[in-house]
Amino acid sequence: MTKLIEKKDELLKHGIIQPSTSAYQTAAFLAKDEGFVLDYGEVALGYDLAALRNTITKKTTACFEPSLDYLVVKMPRWDLKKFTRVSNKISSSMKSVGEVMSIGRKFEEVIQKAIRMVMDGAVEGFQAGVFPTSDEELEHPTNNRILVLASASKMIDKWFLTKLKAIIDLENHLSTYKEPSQIPSEILKFSKQQGFSDKQIARAVGTTELNVRDYRKKMGIIPCTKHIDTVAAEFLAQNNYLYMTYNGDTNDVNINEKSYITLVSGSYRIGSGVEFDWCAVSCIRTLRALGLKSIMINFNPETVCTDYDECDYLYFEEFSLERVLDIYERGGPNSNHGVILSVGGQIPNNLAIPLSRCNVKVLGTYPDMIDSAENRYKFSRLLDTIGIDQPLWKELTSVADTKDFCESVGFPCLVRPSYVLSGAAMNVVHSSQDLEAFLTEAAAVSRDHPVVISKFIQEAKEIEIDAVADNGRVVLFAISEHVENAGVHSGDATIVCPAQDLDDATILKIEETARKIAEALNVSGPFNIQFIAKNNEIKVIEFTKTLNINFIELATKIIIKHQYDLPVVNPINYGADPVLGVEMASTGEAYVKGLISTGFKAPEKDVLLSIGSFKEKHEFLPSVHKLIKLGYTLFGTQVTQLNWDEEDLGENVIQRE
């Protein structure tokens, strides 16, 4: 792979700045954009590209040059706001955590699609005023660059500026109308061809998204479905890659089979990664094994679920209410079985209530029950109603009331927004001084949903249960525990499954509580609950809770109301002598393997111990004995050694000032 740089003097010049002999970040993008068959394995084995078939056309060779009748934009996704001391400047060093891929037939159309995909619908498109602009921002771009440009007009190639300015000018023109019915049909259609969403037009006019949608449909302005055709119809495309556009008059494909629509998680970002790709693929493969058709909506070219041979029909489209309704309604109300949201994580879940209000059949857990789980206030109130213990809590109504609550229960307290991904804006507040700043951040990220303040319990263990339920009845579950104390998000925590340091009474209480919540919410499909525990009696349990069972396969059958057999849970044989404590040994081996896979290097002979309070030093003492038996020399501070003076540790613990 070779990256080129362009410099404009009198003539256009190219210079190689980075050669690479391996697949580069753009490999998946090119494969799914232009139909390049990246059969590196076959080529490495000696096969000629001319001898390989193009898997898109099934007729041409793998070296057939693509000829496109569409445009594609790949836009990176950053999560730099997660880190307080990390620069948001973008440069030649990669900082993005994922990417999106939008498809259409005009630049204005695809750039606006891509912005909505990256911003999870928080921004309606290329609009001014979202971020302020400055010469510094333009000269040294940040992750907000594309929206900063909406208020700028220099230092960018004039072709792009002209196209981007046309978007701003059209939005300004739309704002002169006071209601959708005043917009001429040709202007409305042109706006859609330029990539404007119904919500974006509604914001300009001062109305609601659904009002614009109703008027647009009355005018007969609806999108058509197009193939991602890499040979511009020279040969018939055989792939299932689809997109929607208003820059066309006819559908390239008519989906006649009644299918299940599945929404995935979109671009990789902190809190949403390959785990949801795996869930979606498992769901689709289960449907296929049952002889059922599937439609998948996703815009992440890095995933397995967007491979051409996974689902029956794949829409590279955004997760917006408008687009999901377009796909859902494309063949009439009986053209599909419904929509599966529960395998894609937070982003699809956020659409549950809006879709149900538009009479979309949401499969699995009812949208009202999803809202009761996602809405912090409703969920806390539900727990109180069914008698399940939880930390003291209060809904945020005013800063003054919140301060009074925190002072009454005592700091630290936890700020918890609703409907957020990966704990966004969730913070532990230690004093009244930083409370207001955290409340402002939480309210901004969860504008349409309540923010709850609860007492934060220190030195507590965090425990999770992943389960599958059928109409509120739990049929399968697994319990895991965090190595770190509560306060570390599960995405950043080291988690052991099955749980190792929980007594039988705690496990029984977790199971009973999960069954109560599942019944109260009438859950049908997968769910996860997190618990905290403190002052438990610790002892090792057996491995009988580790399951060699696909949870999503069972959940999919429940969601579509297909017959299923309850799985038989068998203990896994780890090939060790149970008399010697197989559970702890096996877990330790798995834990070390996990650390090594992240780049951790195990010490060979010396270990520096930096441990907190006396209680923590005492808890770590059995591990000190084990390290000494393994031949390690331990270094510690004077305080550390004084705490262990009464122990027979020999000369292996060395004091350091």
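Which residues in α6 meet which residues in α7? In this predicted model, Leu 170, His 173 and Leu 174 are the residues that α6 brings to the contact, and they meet Ile 187, Phe 190 and Ser 191 in α7.

Two packed helices are described by the angle between their axes and the distance between the axes. Helix α6 spans residues 158–174 and helix α7 spans residues 185–193; the two pack at an angle of about 145°, and their axes lie 11 Å apart. The crossing in which α6 passes α7 is left-handed.

Further along the chain, attention turns to a sheet. Strands of a sheet pair through backbone hydrogen bonds, either parallel or antiparallel. Here four strands form an open sheet in the order β12-β15-β13-β14, and their pairing is antiparallel. Because β12 (393–395) and β14 (427–429) stand at the edges with a single partner strand each, one side of each has no neighbour in the sheet. On average, neighbouring strands of this sheet are turned by 25° against each other, direction ignored.

Within the sheet, strand β13 (residues 413–416) pairs with strand β15 (residues 452–455) in the antiparallel sense over four bridges. Val 415 has Ile 453 in β15 as its bridge partner.

Two helices pack on this sheet. Helix α15 (residues 376–385) touches β12, β13 and β15, and its direction makes about 140° with that of β12. Helix α16 (residues 399–409) also touches β12, β13 and β15; the direction of α16 makes about 10° with that of β15.

Note on methods:
Residues are numbered from 1 along each chain as its sequence is written. This is a predicted model: local features need pLDDT of at least 70, side-chain atom pairs count only at pLDDT 80 or more; totals for chains, interfaces and linings use all residues. Side-chain values use heavy atoms; hydrogens and water are left out. Two strands pair if DSSP finds at least two bridges between them. Axes are lines fitted to C-alpha atoms, for helices over the stretch in contact, and angles run from 0 to 180 degrees between N-to-C directions. Contact means heavy atoms within 4.5 Å. A crossing is left-handed if the near helix is turned anticlockwise from the far one by less than a right angle, and right-handed if clockwise.
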